[in-house]
Amino acid sequence: MKNKKMLIVIALIVVVALVAVFIPKTSQSATKNKQVKIGILQFVTHPALDAITKGAEDELKKEGFSNAKINFYNGEADQSKLQTMAGQLNSENNDVLIGVATPAVQALANATSKTPIVMGAVTDPVGANLIKNVNTPEGNITGVSDRFPFVKEIKLMKEIMPNLKTVGVLYTSSEANSKSQVEGFTKVAKENGLTVKAYAIASSNDITNTLTVASKEVQAFYVGNDNTIASAFNNVLQITNAAKIPVFPSVDTMVEQGGLAAVSINQRELGIQTGKIAAEILKGKKVSSIPVDFYDHTTPVVNTKTAKALGITIPQSVLSVATTK
Ligand code: TRP
């Protein structure tokens, strides 16, 4: 009886030891011998998304995937292109997929419910119907969210423009990320005594007409993380500069282009975080055990040249904490 028990215990120990020794080895050698494939779908070209993609690629290299094959596609804001590219990425059997911006992740999610998808900077993953449980993702999607710091941005706007009463918000109606920011911004702005006028555009073709009208109705504009607008931001600035209306964007790259000021997340850092999560998945971690990373390290950024051109004095309280472009 005793011997039998002993035998069972020994047998169990042997099994556990074998499992411990062989399983990691075989899976390690599997990843060593097989070339890792990483698919990236970027929604459109603009400096912020370019920085996110580059950050993700650099981080993956740093994490040991420098020999991985990267299949990169850019949908150039064209829905049908995005669908085709997402299908292509799915048929290439990539080990992990990265979607840069909301519409790209949505296209990938439509193409596959199996391959892990990493969100690169999705403003509102729940509102965009990509995920329900952000702490324990229920499907094949997790990643990084750049939820916007409305309270901080509005505080900055009021500090720079103490007489600010009416703000115009320009957004693209087809972008879930942008719509959710208009709602968030409007709510916080109202709580801070501001009147918000929202101006929707269907595509970048509407920018000139919409802004020409809107510039006569507001004292300043807020533009959130809107990809269509970010990709045509120089066009936006042409009109607002001529009308001498400041634009408060949402990111450093848009301040650099000539926006007045923003409370911004560093876009490259968002990409690095995205690459980290993709690397974790490639190393075997399950999507369900990777909570969505609501990245919230922000810095105020000010464009002093724009301030000068618009005749706006940036208070010392802002300059002493802000990064200037
Ligand atoms: N958050 C945006 C989205 O969900 C993508 C994005 C990241 C972005 N950084 C940006 C858009 C800067 C405009 C400007 O789609």
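Author: A place to start is helix 3, whose buried residues pack against strand 1 (37-42), strand 2 (69-74), strand 3 (96-100) and helix 4 (102-111). Contact here means heavy atoms within 4.5 Å. The model is predicted, so local features need pLDDT of at least 70 and side-chain atom pairs pLDDT 80 or more, while totals for chains, interfaces and linings use all residues. Residues are numbered from 1 along each chain as its sequence is written, and side-chain values use heavy atoms, without hydrogens or water.

Reader: What makes a stretch a helix or a strand, and how many are there in the chain?

Author: Both are DSSP runs numbered from the N terminus: a helix is H or I over at least four residues, and a strand is E over at least two. By that rule the chain has 13 helices and 13 strands.

Reader: How do you know what span is expected of helix 3?

Author: The expected span is 1.5 Å times one less than the number of residues. Helix 3 covers residues 79-91, which is 13 residues, and 18 Å is expected. From first C-alpha to last the helix reaches 19 Å, close to that value.

Reader: Which residues of helix 3 are called buried, and why?

Author: Leu-82, Met-85, Ala-86 and Leu-89 are the buried ones. They fall within an arc of 105 degrees seen down the helix axis, so they line one face of helix 3. The arc is taken from the directions that lead from the helix axis to the C-beta atoms. A residue is called buried because its relative accessible area is under 20%; exposed means over 50%, and partly exposed lies in between (1.4 Å probe, protein chains only). Ser-80, Thr-84 and Ser-91, on the other side of helix 3, are exposed.

Reader: What makes Asp-78 a cap of helix 3?

Author: A side-chain oxygen of Asp-78 lies 3.0 Å from the backbone nitrogen of Ser-80, at the N-terminal end of the helix. A polar contact is a pair of N or O atoms within 3.5 Å; within protein, one must be able to donate a hydrogen and the other to accept it, and residues adjacent in sequence count only if both atoms are side-chain atoms. The 3.0 Å is within that limit.

Reader: Why is Glu-92 said to have no salt bridge?

Author: A salt bridge needs a side-chain nitrogen of Lys or Arg within 4 Å of a carboxyl oxygen of Asp or Glu. Glu-92 is buried, and the nearest side chain of opposite charge, Lys-37, is 6.9 Å away. That distance is over the 4 Å limit, so no salt bridge is counted. For charge, Lys and Arg count as positive and Asp and Glu as negative, with His and the chain ends left out. Glu-92, in the loop between helix 3 and strand 3, does have a polar contact of 3.3 Å with the side chain of Asn-71.

Reader: How do you know that Asp-58 and Arg-268 form a salt bridge?

Author: Their closest N and O atoms are 3.0 Å apart, which is within 4 Å and therefore counts. Asp-58 lies in helix 2 (residues 47-65) and Arg-268 in helix 11 (residues 267-282), so the pair ties together parts that are 210 residues apart in sequence. With Lys-54, these two residues make up a network of salt bridges. The structure holds 8 salt bridges.

Reader: Is Arg-268 buried, exposed or partly exposed, and why?

Author: Its relative accessibility is 36%, so Arg-268 counts as partly exposed.

Reader: What makes the pair of Lys-285 and Glu-280 a salt bridge?

Author: The N to O distance is 3.8 Å, which is within 4 Å and so meets the definition. Lys-285 is partly exposed at 38%, and Glu-280 is partly exposed at 32%.

Reader: Where do Glu-191 and Lys-187 lie?

Author: Both are in helix 6 (residues 176-191), 4 residues apart, about one turn of the helix.
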